[in-house]
Amino acid sequence: MNYFLHNTLTHVWAFLMAVTVAAWGFSQHSDGVNPALTIGVLVIAFIKAQLVIWHFMEVKRSPAWLKKTCWAWLIVTALLILIFYAYFL
Amino acid sequence: MTSSADAVMTKPPTTPPGSQLAGEGSMWFFIIGDLIIFSVYFVFYTWHRGINQELFLESQLQLNQGIGFINTLILLTSSLFIALGAQSVHEGEYRRALALMRTAFFIGALFPVLKMVEWLPKINAGITPGENLFYLYYYIMTGLHLCHVLLGLVIQAFVLRHLASEKTPDAEFVDSGAVYWHMVDLLWIVVFAMFYLMR
Amino acid sequence: MSEPTAAIEPIASVQPKKIRWLKNKKLDQYLVFWVVPVFFQVFGLVFVPLTWMMPPMSPDKPLADIVTFMQTSPLELALSLYILVSGLGAVVTVGAYWLVLARMAVSPAIKYAFLAGQVIGSVVGALLPVSLFGLAGFRSGYDPETLAMFYDFAYLAYNGSLGCFCLPWLALSLAIILDKNRILPKWLGYYTAWQYVTELFAASVWLTTAQPFGWNGYLAFYFNMLLYVPWQIIIFFQIYKALKNQPEDELDNVRLERSLPSYQAVPAYS
């Protein structure tokens with residue numbers, strides 16, 4: 001049991017579960033256009049994505065080129081989505 | 001304090017810093033390409049969502065939010081067990097690795113089942129991909145993601161067989177399967193936010 | 001008397017060169033291989049500057065435009081040309097893949113799945129649209145509605161038949177990844193898996209005529225092309241490399257010579 005409790009992977013997972021519940025909870029109270037919620041939900045999603053990349057996919061221990069590539073993917077994707085969302089508001 | 005910590009960080013005992021790639025290089029080629037392909041679709045989705053905001057919002061609210069949510073928790077939990085399993089393989093704890101990977105497989109296998117619970121009532125109600133542009137995106141992207149999940153389960157089945165039959169399993173092979181499964185998880189996190197949560 | 005000797009010498013030096021080229025043990029393989037680029041040149045020539053079928057027309061073209069498009073004379077010219085080459089080309093391009101597939105250490109079921117899928121794919125994806133355009137081009141007297149149906153059918157068969165190619169690309173991808181002989185690099189197997197995925201994407205052309213999922217859609221067509229064209233070029237070079245690197249004693253014709261004593265009397269590189 002200690003193996004699970006004192007493991008970074010488990011801590012990361014607990015955080016991911018918690019923010020998933022939070023993001024889902026917030027969005028259940030909204031059925032109209034809601035920029036604050038949307039930006040919050042998207043930012044949470046990309047933070048979750050980065051945590052999965054960093055800890056689960058072990059990119060934190062990989063060569064620099066892979067770290068850079070993953071960051072570039074995350075930032076470019078998140079920015080394009082947020083920009084296009086904001087553009088049509 | 002920080003300087004001594006840095007000194008430890010710069011001189012790791014066995015492996016050179018930042019040279020460990022989890023899994024095979026070719027698997028990473030596939031993962032990065034897959035992420036980019038999905039990104040192109042995400043960006044196009046956002047664009048068309050902006051143009052047809054009313055339609056997309058209305059259709060989004062018809063989705064089964066609960067199943068989307070539970071499926072996210074399922075993939076996250078399954079991913080945790082895979083990650084723990086891969087870690088156990090590196091620590092030489094092969095029996096524990098096998099148990100963890102088995103658990104991950106059975107949790108992951110719930111995803112397609114719930115996807116059918118989500119899809120079939122929709123299709124029976126006449127809401128097919130031809131319904132509107134939102135549903136076309138919805139079925140294509142969740143369908144493509146489902147293909148990835150199914151492939152992931154097949155890979156995991158091979159990993160389980162490998163772990164059960166080999167005395168000293170190939171850690172690189174286990175890692176390749178694991179990073180693929182995490183990518184499936186990661187893509188669903190974004191799909192979930194974009195199709196179910198954003199308003 | 002110096003003239004004849006001068007004339008004989010160049011012949012003598014040219015002769016072995018000519019024979020060496022002809023006696024290359026991989027000559028048959030290279031011939032099969034070079035059919036692929038030639039085929040794609042003709043394929044491109046026919047579908048782009050002759051018929052203007054590619055880049056794809058709009059699925060929502062007005063009826064009058066469809067009629068003129070379906071009955072132009074360059075179309076007829078191109079069709080007659082294409083009908084001549086397509087049967088041969090579609091089948092022989094498979095040959096180039098087969099040269100490497102045959103050497104892979106994977107289940108024959110995968111290899112035959114590739115072959116079967118390619119053959120079905122080329123019938124539906126290449127011969128069917130061409131026959132429909134041929135019908136419109138060579139047979140006059142069809143009313144506009146029928147021509148519009150041909151137009152729809154031909155484009156759907158060409159762009160939406162891509163489903164037929166799901167099987168071969170999946171088989172090829174699996175063969176490259178699982179192959180224990182490592183004939184082609186493993187990452188290329190993963191790249192091939194995306195060809196399978198793009199074929200799935202193309203299914204949307206049946207459901208809508210609008211952007212981005214119609215048959216001229218940014219996602220259903222242009223994005224797929226962006227993934228496909230580099231792949232076709234890369235796998236072409238990789239197959240060439242694999243042919244070049246194959247040890248000669250692995251070749252079937254070398255084995256054949258070894259088993260027949262009469263052939264052994266004439267060594268290839270003398």
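**Helical architecture and chain contacts of the predicted model**

Read along the sequence, chain B follows the pattern α-α-α-α-α-α-α-α. In this predicted model, chain B thus comprises eight helices and zero strands. The C-alpha trace of chain B extends over about 60 × 45 × 30 Å along its principal axes. Of the 199 residues in chain B, 43% are classed as buried. When contacts in chain B between residues at least 6 apart in sequence are considered, 79% of them join residues at least 24 apart.

Within chain B, two helix pairs that share helix 6 were examined. Two packed helices are described by the angle between their axes and the distance between the axes. For helix 4 (residues 65-90) and helix 6 of chain B, the axes come within 10 Å and cross at roughly 175 degrees. Angles over 145 degrees count as roughly antiparallel, and helix 4 and helix 6 of chain B are therefore roughly antiparallel to each other. On the side of helix 4 of chain B, the contact is formed by Ile67(B), Ile70(B), Asn71(B), Ile74(B) and Leu75(B). Helix 6 of chain B contributes Leu110(B), Phe111(B), Leu114(B), Val117(B) and Glu118(B) to this contact. By class, eight nonpolar residues, one polar residue and one charged residue make up the contact of helix 4 with helix 6 of chain B.

The second pair consists of helix 6 (residues 110-124) and helix 7 of chain B, whose axes come within 9 Å and cross at roughly 150 degrees. By the criterion of over 145 degrees, helix 6 and helix 7 of chain B are therefore also roughly antiparallel to each other. The crossing of helix 6 and helix 7 of chain B is left-handed. Phe111(B), Pro112(B) and Lys115(B) of helix 6 meet Leu146(B), Val149(B) and Leu150(B) of helix 7 in this contact. The residues involved divide into five nonpolar, no polar and one charged. Phe111(B) of helix 6 takes part both in the contact with helix 4 of chain B and in the contact with helix 7 of chain B.

The loop between helix 6 and helix 7 of chain B contains Gly126(B). Gly126(B) has 8 C-beta neighbours inside 10 Å and therefore counts as exposed, the limit for this class being 12 or fewer. Gly126(B) and Leu144(B) stand 18 residues apart along the chain, and their C-alpha atoms are separated by 21 Å.

Chain B also makes contact with two other chains. The contact between chain B and chain A takes 39 residues from chain B and 42 residues from chain A. On the side of chain B that touches chain A, at least two residues each are supplied by helix 2, helix 3 (53-62), helix 4 and helix 8 (171-197) of chain B. Helix 2 of chain B gives the most to this side, with eleven residues. By class, the side of chain B that touches chain A has 25 nonpolar, twelve polar and two charged residues.

The contact between chain B and chain C takes 13 residues from chain B and 15 residues from chain C. The elements of chain B that give two or more residues to the side touching chain C are helix 2 (25-51) and helix 7 (133-165). Helix 2 of chain B again gives the most, here with eight residues. The side of chain B that touches chain C divides into ten nonpolar, three polar and no charged residues.

In chain C, the secondary structure comes to eleven helices and zero strands, and the elements run α-α-α-α-α-α-α-α-α-α-α from the N terminus on. Buried residues account for 31% of the 270 residues in chain C. Of the contacts in chain C between residues at least 6 apart in sequence, 77% join residues at least 24 apart.

Helix 2 (residues 27-50) of chain C has 24 residues and, at 1.5 Å a residue, should span 34 Å; its end C-alpha atoms are 33 Å apart, which agrees. Gln29(C), Phe33(C), Val36(C), Val46(C) and Phe47(C) are buried in helix 2 of chain C. Just after helix 2 of chain C, Trp52(C) adopts a positive phi of about 55 degrees.

Key. Residues are numbered from 1 along each chain as its sequence is written. Chains are lettered from A and ligands numbered from 1 in the order in which they are written. This is a predicted model: local features need pLDDT of at least 70, side-chain atom pairs count only at pLDDT 80 or more; totals for chains, interfaces and linings use all residues. Two residues are in contact if their C-beta atoms, placed from the backbone, lie within 7 Å. Helices (H or I, at least four residues) and strands (E, at least two) are DSSP runs, numbered from the N terminus. Ala, Val, Leu, Ile, Met, Phe, Trp, Tyr, Cys and Pro count as nonpolar, Asp, Glu, Lys and Arg as charged, and the others, Gly among them, as polar. Axes are lines fitted to C-alpha atoms, for helices over the stretch in contact, and angles run from 0 to 180 degrees between N-to-C directions. Angles under 35 degrees count as roughly parallel, over 145 as roughly antiparallel, 65 to 115 as roughly perpendicular and the rest as oblique. A crossing is left-handed if the near helix is turned anticlockwise from the far one by less than a right angle, and right-handed if clockwise. The expected span of a helix is 1.5 Å times one less than its number of residues. A residue is buried if 20 or more other C-beta atoms lie within 10 Å of its own, exposed if 12 or fewer, and partly exposed in between; C-beta atoms are placed from the backbone.
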